[in-house]
Amino acid sequence: MAYKINNTFGTLLVTLADGTIDTTTTDLTLIGKGYAGFGEKLNENLIKLLENFNNTSAPNNKIQGQLWFDQTNKRLNVYDGTKFKPAGGPTNSPTQPANAVLGDAWFDTTSKQYYVYDGSTWTLIGPTTVAGSGVTQVFAETVEDNTGTNRTILKLVANDAVVGIVSNLAFTPSSSDTAGAALISAGYSSVAQGIQLSSSVTSAKFRGTATDSDSLGGVAAANYLRSNANDTTSGTLGVLNDSGVTIGAGSDITMTLSSDDFTIAQTTQDKDIIFTVNDGGTTKEALRIKGSTGRIEHLRVGDITVDGTNTIINTSTLSVEDNIIELNRNISANSGMPSFTGLKVNRGNASTATEQDLFWVWDETFADDGTTIHGNAGGAWTAFKSTDVGGSEMSAPTLVDIRANVIHATATAAQYADLAERYATDTPLETGEVVILGGNQEITKCMEELSNSVFGVVSDTPAYLMNAEAGNNDTHPAIALKERVPVRVAGKGSAGDRIVSAGTGMARVAELNECTAFNTLGRLIKDKYNEEVALTECVIGIK
C-alpha cells in the first residue's frame, strides 16, 4: 500500500508507491514500502541532516524551514519559503573574527561596541564613544526642576564635558535631584529656553554666521539696513567721500566724484550700461551704451534736435517709421535751394571710373525746355553717378538706369522704335522673322510667299512691349506690329519699296502689281544692295 507523506502542517507532499524512492519532492530521499537497499538511502538522509545539506550552492528542492550550510561563506541559512536567509547572531570576542564574510556581526566584549563586516572592513555601528575615553555625544536626559516636575533636555557632551543643553522651556534644576545637581555643577543653575552654552566651559560661545539677532550693540536689529536684500531708510543715505559707490561683486559699476564732476563707469570689460523704463507694465530699453564699442547702441527718444555740422549714422539698416522725411528744412525760398538734394550711395573712398558713387537727388538745375522752370517746379528727380572732380563730387554727373515694375508717367521719348506684344509660338523664332496667326499656338512662322495672313515681325528690343509678363522670348516672343524694326529680307531693294512674305519666315521686295492691302507687310527704310538674306530696317504696318 502506497505511503502518503505529509509535512509538519499535515499537507500532503507526495504519494509514494511501494518499492520506489522519491528524490525530487525534497532534498532527502523518500523511501517507499518494500524498497530494497533502503538502509543506504536512510543513512545518506541522516548525513544530510547532520551536516545541514553542506554545499557551495543552495539545495534545489528546499521546503520552508529547511537548513543549509553555505560552504563558500561558512554560514548557516534557513529557507523562509521564498529565499535562504542567514541564521544566528553576532560573534562575541575581544578581537575581530577571522574569515569574516559580508553581513557578519561582531560584538567587541572589551569596548562594548557593535560592528558589521561590509565585505572588506569592520564598520562600527555604536556606541560611537567608549566610556572613560572622552565621550562625545548627544544624550537625552530627564531632569527634575525645583517644583518636582520632570523636564526632558538634550545634553551636548564633548570629551566628557557638558558644553551645552537644549530645552523647550526655561526652568530651575533641583539640587536634590542627581541629574539636576550634575547640571548645576556643570554651570547650569538655571536652564534657558532654546540652546544654552555652559558657563563653566572657558570661552564657550556661538561662533559662525548668525541667521537672526534680537539686537546689535543695543540697537534693535530691525533698525539696521540689509546688505543682501532690498531695504529702505527714512533717513538720508550719504557717501561723504569722492570714492563714491560701487555695484556688483567685482565693483563692476562705480559712481565717483572728482572736482565736483560726477562719473558713472562700467568697469568690467566690454559690458554695457543699460537704461530701461516701465511702459504700461512692460519693461522697455530706452538707452544702451555698448561696452565693446564705447558708443550708444540703442536709444529710444521722442522729439530730438541735433545741433552740429555732421550727423553720422553707422548702422547696417536704418529704419524710419515716419511717413515723411524732410530735407533742406531751413530753406525758406527757392533762391536758397542747393543744386542737388537727396540720397547718396557711397561705393568706396577709392572709387574708380566704374565704381563711382551713386545719387538719387532732386536736381534743381535741370530744365529740358531751356528755362529754369520746368512743369512749374524747377528741376527734376535724377539718378546719376559721379566722382569727386575738383572737390565737387556732383560736378560731372552721368545718368544711370532706374528699374521698376510699373511706371505711371507721361513719356516724352523712347530709346527703341517699334510697338510689340508677346504671343505664344509653336516653333522657335529668330529676330526679324515674319509670322502669321495660327498653328498649334497663337502664332507660327510664315511659310508662304505673298501670304495674305502676314501678322508681324519678331522684335529684339521693342520700344513698348505689351503683355510683357505672358512668358519669355522662347515661348512668347515679342511680335512687332507697327513702326521701325529689323526684318529678314532676301534680295535687293530701294528705300520705300514694299515688302511681302517670301516663305520660311523671310520677306522680299514686291512688284507694285503684286501688292494688296492684305499681303503688304511694310516698306524698306533704306536701300538694300545685296541678294543675301539680311536683317534690314523696315517700317511695318505701312502700305
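User: Which residues does T254 touch, not counting residues up to four places away in sequence?
Analyst: T254 touches V245, T246, T263, I264, A265 and T267, leaving out residues up to four places away in sequence. A contact here means heavy atoms within 4.5 Å. Before we go on, this is a predicted model: local features need pLDDT of at least 70, side-chain atom pairs count only at pLDDT 80 or more, and totals for chains, interfaces and linings use all residues. Residues are numbered from 1 along each chain as its sequence is written, and side-chain values use heavy atoms, with hydrogens and water left out.

User: OK, and where is T254 found?
Analyst: T254 sits in strand β19, residues 253-258. Strands (E, at least two residues) and helices (H or I, at least four) are DSSP runs, numbered from the N terminus.

User: Is T254 buried or exposed?
Analyst: T254 counts as buried because its relative accessible area is 15%. The cut-offs are under 20% for buried, over 50% for exposed, and partly exposed in between, using a 1.4 Å probe and protein chains only.

User: What's going on with S251's phi?
Analyst: Phi of S251 is near 50°, which is a positive value in a residue other than glycine. S251 is in the loop between β18 (245-247) and β19. With a relative accessible area of 31%, S251 is partly exposed.

User: Which loop does N467 lie in?
Analyst: N467 lies in the loop between β32 (464-466) and β33 (478-490). N467 has a positive phi of about 55° although it isn't a glycine. Its relative accessibility is 43%, so N467 counts as partly exposed.

User: Let's zoom out. How many helices and strands does the protein chain have?
Analyst: The protein chain has two helices and 37 strands.

User: What's the radius of gyration of the chain?
Analyst: The protein chain has 57 Å, whereas a compact globule of 543 residues would have a value near 24 Å. The radius is taken over C-alpha atoms, and the globule rule is 2.2 Å times the number of residues to the power 0.38. Along the principal axes, the C-alpha atoms fill a box of roughly 150 × 105 × 40 Å.

User: And how many of the residues count as buried?
Analyst: Of the 543 residues in the protein chain, 24% are buried. As for contacts in the protein chain with a separation of 6 or more, residues 24 or more positions apart account for 36% of them.

User: Sheets next. What's the order of the open sheet of four strands?
Analyst: The order is β24-β25-β26-β27, with antiparallel pairing. The edge strands are β24 (340-345) and β27 (398-399), each pairing on one side only. Two strands count as a pair if DSSP finds at least two bridges between them.

User: How many bridges join β25 to β26?
Analyst: Seven bridges join β25 (residues 357-363) to β26 (residues 380-386), and these strands run antiparallel. W362 stands opposite W381 in β26.

User: Why is V361 called buried?
Analyst: V361 is buried because its relative accessible area is 2%. V361 lies in strand β25. Apart from residues up to four places away in sequence, V361 touches F340, T341, G342, L343, A380, W381, T382 and F384.

User: How far apart are V361 and L49?
Analyst: V361 and L49 are 312 residues apart in sequence and 116 Å apart in space, C-alpha to C-alpha.

User: New topic: which face of β5 is covered?
Analyst: In β5 (residues 67-70), the covered face has W68 and D70, while L67 and F69 are on the uncovered one. Four bridges join β5 to β6 (residues 75-79), running antiparallel. L67 stands opposite V78 in β6. The two strands form a hairpin with four residues between them, and K74 in the turn has a positive phi of about 55°.

User: Do β8 and β9 run parallel or antiparallel?
Analyst: β8 (residues 91-93) and β9 (residues 105-108) run parallel, joined by three bridges. S93 stands opposite D108 in β9.

User: And what about β9 and β10?
Analyst: β9 pairs with β10 (residues 113-117) in the antiparallel sense over four bridges. W106 has Y115 in β10 as its bridge partner. This hairpin has four residues between the strands, and K112 takes a positive phi near 60°.
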